[in-house]
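Good morning, colleagues. Please look at the sequence and the structure as I bring them up.

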Amino acid sequence: MSKIQSWLIALLALIALALIGWNLSNVNDDNSSAIVDDGYPTYQTQEAITFVYDPEGKLAYRLIADDVKNYTETKLTWFTNPVLTTFAPNDASATPIATWTIRANKAKLTNDQMLYLYGDVQVDSLTDASQLQRITTDNATINLTTQDVASDDRVTLIGVGLKSVGMRMRGNLRNKTAELIEKVTTQYEIPHEQPNP
């Protein structure tokens with residue numbers, strides 16, 4: 001073998017070793033930054049208060065919880081004893097007006113702004129203008145963007161002068177509407193007028 005061929009083979013071997021080393025160093029960098037899903041939350045906190053604003057900077061809702069656990073890998077956040085307060089859109093200069101308060105034992109927030117409520121769900125109106133005053137059920141779902149609310153469990157609606165029970169419900173908190181579905185019963189209360197003396 002000639003001297004030139006030996007030098008060329010040695011040079012190619014060094015280049016190959018350098019490329020292999022460089023490739024292995026990039027593989028190790030990727031593994032160190034990977035998210036490990038070991039069943040533990042990415043972060044957690046206790047006694048949390050979260051304020052969420054719409055794109056125009058107006059307060060959309062406030063969420064208070066005893067315990068919050070966020071899982072980055074599954075893009076879920078779990079809340080213990082959450083209390084969600086929604087606010088009506090209004091002037092930026094005016095004080096935000098609280099419209100509804102929603103409570104449950106547990107809640108799960110997904111990446112698409114769906115809030116799943118579990119156990120003793122109670123929705124209360126905070127305005128006098130709403131004929132619908134309270135909704136109670138075991139489990140419910142709220143779209144935080146549209147404020148659509150739904151439940152496939154037994155639901156009780158309490159309004160001005162009425163109480164209705166149904167097996168499922170669809171509604172919208174922003175529009176102050178709720179529709180009971182299947183086996184609906186309603187009780188009306190007729191106020192008694194006092195006779196004039």
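**A buried threonine and its strands**

T86 is buried, with a relative accessible area of 4%; buried means under 20%, exposed over 50% and partly exposed in between, with a 1.4 Å probe and protein chains only. I must say at once that this is a predicted model, in which local features need pLDDT of at least 70, side-chain atom pairs count only at pLDDT 80 or more, and totals for chains, interfaces and linings use all residues. Residues are numbered from 1 along each chain as its sequence is written, and side-chain values use heavy atoms, with hydrogens and water left out.

T86 lies in strand β4, residues 83–88; strands here are DSSP runs of E, at least two residues in length, numbered from the N terminus. Which residues does T86 touch, not counting those up to four places away in sequence? They are A60, Y61, I97, A98, T99, W100, I102 and Q147, where contact means heavy atoms within 4.5 Å.

Now to the pairing, for which DSSP must find at least two bridges between two strands. β2 and β4 run antiparallel and are joined by four bridges, and I64 stands opposite V83 in β4. Strand β2, residues 59–71, also pairs in the antiparallel sense with β1, residues 43–53, over ten bridges; T45 has V68 in β2 as its bridge partner. Five residues lie between the strands of that hairpin, where G57 takes a positive phi near 90°.

Finally, β2 pairs with β3, residues 76–80, over five antiparallel bridges, and K69 has W78 as its bridge partner in β3.
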